[in-house]
Amino acid sequence: MSGRDGSWLARGLAVIFTQLRSYWSILRTRGPNQLQFWLIALAIGVAAGGAALAFRRGIALLQKLSYGAEDVHRLHSLAGGLPWYVVLVVPIIGGLIAGILLHVFTPDGRVRSVADVVEGAALKEGRVEGRAGLGSALASLVTLGTGGSSGREGPVVHLVAVMSSWVLNRLKADGIKGRDLLGCAVAAAVSASFNAPIAGALFALEVVLRHFAIHAFAPITVAAVAGAVISRLQFGETVEFVLPGSSILEFYEELPAFLLLGAVCGVVAGLFMRAIFLSEDVGTRLQGRFRIPRFLRPAVAGALLGVMAIWFPHIIGVGYETTLRALSGELLLQQAILFALIKALATAITMGGRMGGGVFSPSMMLGALTGLAFGFIATGIFPDQSGSPSLYALAGLGGVAAAVLGAPISTTLIVFELTGNWTTALAVMVTVSISTAIGSKLVKRSFFLTQLERRGIHLAAGPQEYLLAMFRVRDVMRPCGAERAAAEATCWEMVEKGIYIDGGATLEAAFPVFERTLEAYLPVVSSPQPGKPPELLGALFHVDALRTYNRALAATAREEHS
């Protein structure tokens with residue numbers, strides 16, 4: 001290469017580098033346009049798919065180190081042949097490590113999960129906690145690799161939400177693009193976890209964004225496909241559960257049985273979710289009563305799991321082996337019922353002990369066992385009008401999982417994509433629809449929304465409720481001395497009568513005060529310091545609060561219908 005050619009190449013590279021820096025500056029200052037956003041969605045889809053596979057590989061590696069399991073689909077059988085003290089000690093060690101991680105990375109020792117991602121989409125412009133999210137992912141990884149009885153999908157969803165939040169903060173993306181990019185990450189993670197691109201895209205729309213707006217559909221689909229491609233490059237064109245033979249619904253007179261199965265699955269899902277919440281409450285009370293350090297709470301739960309696993313090793317880990325045996329009809333009626341009860345208890349202990357993990361895989365296992373038990377009974381009573389018990393197991397898997405997640409559409413598609421069996425559509429759809437309707441009445445619509453409701457975050461009621469919690473009184477009030485501000489003397493008179501609102505409160509707290517007092521405005525005061533009187537900050541006018549609320553409702557409607 002001549003000196004002139006080298007000089008030309010150097011100038012060309014310098015121009016390209018300068019242009020790239022200019023593009024990056026535009027992205028950071030102005031946000032991405034539509035085409036750029038699709039490219040970012042593709043990139044986040046690849047990254048999220050890779051993170052999901054890395055998490056799955058990490059669990060497999062830890063299970064191999066802990067139990068000597070080469071194949072996660074045979075973990076139950078391998079653990080059953082280990083010495084009892086190994087089965088007992090491994091979950092305790094895992095719980096202790098998870099507890100330390102959560103103690104270091106989170107302010108409250110609580111595992112971040114899908115519920116926090118749903119909250120981030122609704123209230124935080126698509127952002128989630130970074131440090132706490134990474135700590136939760138590590139704790140869940142350790143828990144699942146050392147015998148915790150939960151699922152891997154929830155931690156992965158929050159992990160990729162942390163990744164998308166990092167990107168959003170760098171790009172300074174607005175609320176709509178922030179939520180859409182979060183949906184892209186979630187879609188890719190679910191798609192890669194299950195090798196189910198259709199279900200991954202719909203899960204992000206149905207569960208996380210909770211709308212099906214056109215502007216979100218294209219980038220989320222791109223990301224879901226990217227996640228599926230990453231998964232198939234690693235694992236090939238395989239399905240998670242291979243069912244023996246064909247399970248075809250041959251008689252329309254059998255459909256009433258699946259209606260009844262749906263009702264059973266809805267009740268089972270409701271009891272399962274309530275058991276987890278009860279376990280959480282009991283664990284918190286016992287922790288306070290016996291003054292157990294919060295980092296030891298997962299270790300105590302691990303000890304309980306270890307004792308259970310000595311006699312019931314099927315509770316260890318995600319539970320794919322037992323799920324497959326249920327779908328294949330390889331269990332007896334008594335085994336299906338007993339395993340379902342023990343698995344539900346083990347998952348409640350894992351979640352209540354704050355060990356980490358999700359509820360999707362346990363709900364699928366519980367649903368398959370419930371469906372199989374129901375199938376044995378149904379085919380025993382009406383042998384001439386009934387198909388295979390494994391068909392009921394498949395429908396039950398979808399029924400319980402859909403009711404727990406509050407996601408009938410995406411769960412139905414996940415069932416089909418997990419098994420590659422599309423001939424059972426009628427049975428699964430009927431079961432899922434009934435179970436979701438019943439399950440949503442037993443809790444606040446789903447497991448995740450009920451988790452948020454227990455924290456005082458009212459997403460289940462819709463935007464007309466949760467939007468009020470997005471605006472602080474201090475940001476909407478008219479400060480003292482401002483134009484058209486309230487008279488300070490009148491404000492102090494109202495404060496003396498107990499009619500006021502704290503500046504750190506939200507409009508959610510202010511509206512009931514307006515309704516109770518029928519005042520045109522409320523004095524806003526600062527939180528009083530010990531020994532000091534409160535400071536008058538200004539006044540919150542009812543008309544200003546209503547105007548802010550109406551604008552938020554209009555913006556939400558535009559986003560959901562654009």
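Author: Helix α23 (residues 507–517) lies across β2, β3 and β4 (536–541), and runs at about 135° to β3. Here "across" rests on contact, meaning heavy atoms within 4.5 Å. Axes are lines fitted to C-alpha atoms, for helices over the stretch in contact, and angles run from 0 to 180 degrees between N-to-C directions. Helices (H or I, at least four residues) and strands (E, at least two) are DSSP runs, numbered from the N terminus.

The model is a predicted one, in which local features need pLDDT of at least 70 and side-chain atom pairs count only at pLDDT 80 or more, while totals for chains, interfaces and linings use all residues. Residues are numbered from 1 along each chain as its sequence is written, and side-chain values use heavy atoms, with hydrogens and water left out.

Helix α24 (residues 542–560) lies across β1, β3 and β4, and runs at about 65° to β4.

The sheet itself is open and consists of four strands in the order β1-β4-β3-β2, with mixed pairing. Its edges are β1 (478–479) and β2 (501–502); each has a single partner strand, so one side of each is left without a neighbour in the sheet. Two strands count as paired if DSSP finds at least two bridges between them. For β2 and strand β3 (residues 521–525), two bridges make the join, and these strands run parallel. Within this part, Asp502 stands opposite Val525 in β3.
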